[in-house]
Amino acid sequence: MSNIAQRLVDYARQEPNAVAIIEPNPKRTPTDRRTYRTITFADLDRDSDRIAAALVRSGVQPGMRIALMVRQGIDFIALVFGVFKSGATLVLIDPGMGMKQMLQCLDEVRLDGFAAIPQVHAVRCMLQRLGRFPQAKHNLTVGRRWFWGGLSLAEIRKWPDDEPVMVPRGPDDPSAIIFTSGSTGIAKGVLFTHGIFQTQVEEIQRRLNIQPGDIDLAGFPFFGLFNAAMGVTAVIPDMDSTRPACVDPRNILEAFRDWKINQSFGSPALWNRAVEFCEQNPKEAESLATLRRVVSAGAPVSVKLLDRLKRVLPPDAEVYTPYGATEALPVAMISASEVLGETAAKTEIGAGICVGTRFGTVRWKIIAITDEPIPTLEQATECERGKIGELAVSGPQVTTQYVTRTEANAYAKMRDADGNTWHRMGDVGYLDEKDRFWFCGRKAHRVETENGPLFSIPCESIFNRHPKVFRSALVGTPDGKWKKPAMFIELKPGIEPSEELLRELKTLASENPLTQRIERILFHPAFPVDVRHNAKINREKLAESLNK
């Protein structure tokens, strides 16, 4: 049996009384102490059994699509494993993409039901009266059920224990549809199988040496699920997981103190807040004394943040930055020690960002850049080592298709002679002599000039060296058949644009062969960026502003 939920069952049998999830209660004690709600692996297993039994009894069939729209915590994780056990397919959408795009995604995925909080069901009912979500008849409410029918999580939990439910699933059977962020285009639904999840868990656990009994601060909701599948205790922080850049660092550090956490998975935005607080309050860094492993992903992790993180962490702690995408994860990884000791100096002079070596189950190739479909791997032109091209990957953790916006499959997927799927990452870069991938930006962000392409990350790294520059963004404007490069500059807080500063930046550009062709440099007060991480720059909007 390949049902990913079996991993929870197995660990619940081995360590039934071990704590699986810890979540903060919303209210503190009169003396301002934090209290928590906990659940053991055995109780989490039983809870998800009840949910699975209720879903099956209500008519949910294997493969039916159930959208989960619940806040991070015990309920979220119990529902995920309940849906997996029922054989249904979980649908996950990042609410940070905005209401309009989220509703569009929900329409396109053709849902059979929702497991959601009351506010979501209220909107669902209103929209169903307008003819939307016609198939969504299998619904479960987390919280107070108002005027609609369907299941209630509170009622399910009052039912007597049933026989354990585990609908058999094969490695190629669907387990989830997870939507891309939509930060570089319209969000697409990516099909995950039970086999893909199994590989992800095994590869992450092996590469990071994660052991059952570890205690993880789960700053990213989906990693809480990996924890349960690895026998790791997940501590859910008091934060809005859709807005890590707005986290209160005191809540994060409090969780470290209360639970002696030794591992944490969080976005760069979360860690930037925590590090800044520790730098301003040095004694607060003592809260991190038990931390040995930090994993940060979801957005680019800057060299500066890695350096600052290493300074506040215990001497024997390490920071790791996995690389991948919704469609293929994990692909590669590198440690902060390797970055700071070797690759950062090369990044500063335009070599790109080294994201490390590939995971053992991954195969990869650099292929010649094209915006056209490539049906088979044999039709792709492989680049020689050191030459920039598009990264293509294959392996058991690589997804095989989009199930919404399916026209994108032709542009993202290739087949090799053995029938294996290769995913075109949409990222450009090259492989070095150590078989490490150096990321040079998104393919869509390259600027094709008369004298050859310019790539975003190498060019921006040159400008980012200036002490007054916060970040920069390469864009291109139409220039006949080609594009004309321009560089937008966002300055650090408190720094004002000036003619002298502009001259300094032009001099900096002229001194490096990569940026000599960039003559147009413009200051911008605040880049348009993604809401979640405040990191992914919307270069398309910047380019549009040049034409106004």
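**Sheets, a helix pair and an exposed cysteine**

C246 counts as exposed, with a relative accessibility of 59%. Exposed means over 50% relative accessible area, buried under 20%, and partly exposed in between (1.4 Å probe, protein chains only). C246 sits in the loop between β11 (233-235) and α9 (249-259). Its C-alpha lies 23 Å from that of I21, and the two residues are 225 apart in sequence.

The model is predicted: local features need pLDDT of at least 70, side-chain atom pairs count only at pLDDT 80 or more, and totals for chains, interfaces and linings use all residues. Residues are numbered from 1 along each chain as its sequence is written, and side-chain values use heavy atoms, with hydrogens and water left out. Helices (H or I, at least four residues) and strands (E, at least two) are DSSP runs, numbered from the N terminus.

An open sheet of 7 strands has the order β7-β6-β5-β3-β4-β8-β9. Its pairing is mixed. Two strands pair if DSSP finds at least two bridges between them. β7 (151-152) and β9 (189-193) are the edge strands, each pairing on one side only. Strand β5 (residues 113-116) and strand β6 (residues 140-141) run parallel and are joined by 2 bridges. A115 has L140 in β6 as its bridge partner.

Two helices lie across parts of this sheet. Helix α3 lies across β3 (65-69), β4 (89-92), β6 and β8 (174-179), at about 140 degrees to β4. Helix α7 (residues 194-208) lies across β8 and β9, at about 80 degrees to β9. Axes are lines fitted to C-alpha atoms, for helices over the stretch in contact, and angles run from 0 to 180 degrees between N-to-C directions.

Helix α3 (residues 74-86) also meets helix α8 (residues 221-230): their axes come within 10 Å and cross at roughly 65 degrees. The crossing of α3 past α8 is right-handed, meaning that the near helix is turned clockwise from the far one by less than a right angle. On the α3 side, the contact is formed by F76, I77, V80 and F81. On the α8 side stand P221, G224, L225, A228 and A229. Contact means heavy atoms within 4.5 Å. The contact residues comprise 8 nonpolar, 1 polar and no charged. Ala, Val, Leu, Ile, Met, Phe, Trp, Tyr, Cys and Pro count as nonpolar, Asp, Glu, Lys and Arg as charged, and the others, Gly among them, as polar.

Strand β12 (residues 263-266) is covered on both faces. Q263 and F265 are buried on one side, S264 and G266 on the other. Strand β10 (residues 215-218) runs parallel to β12, with 3 bridges between them. D216 stands opposite Q263. Strand β13 (residues 293-296) is also parallel to β12, through 4 bridges. F265 pairs with V295 in β13. From β12 the chain passes through helix α10 (residues 268-280) to β13 in a right-handed β-α-β crossover.

A further open sheet has 3 strands in the order β24-β25-β26, with mixed pairing. β24 (469-479) and β26 (520-523) stand at the edges with a single partner strand each, so one side of each lacks a neighbour in the sheet. The twist averages 25 degrees from one strand to the next. β24 and strand β25 (residues 482-491) are antiparallel over 10 bridges. P478 stands opposite K483 in β25. Helix α14 (residues 456-464) packs on the sheet, touching β24, β25 and β26, and its direction makes about 135 degrees with that of β24. Helix α16 (residues 539-546) lies across β24, β25 and β26, at about 60 degrees to β24.

Definitions and conventions:
A crossover is right-handed if, with the strands pointing away from the viewer, the path from the first strand over the helix to the second runs clockwise.
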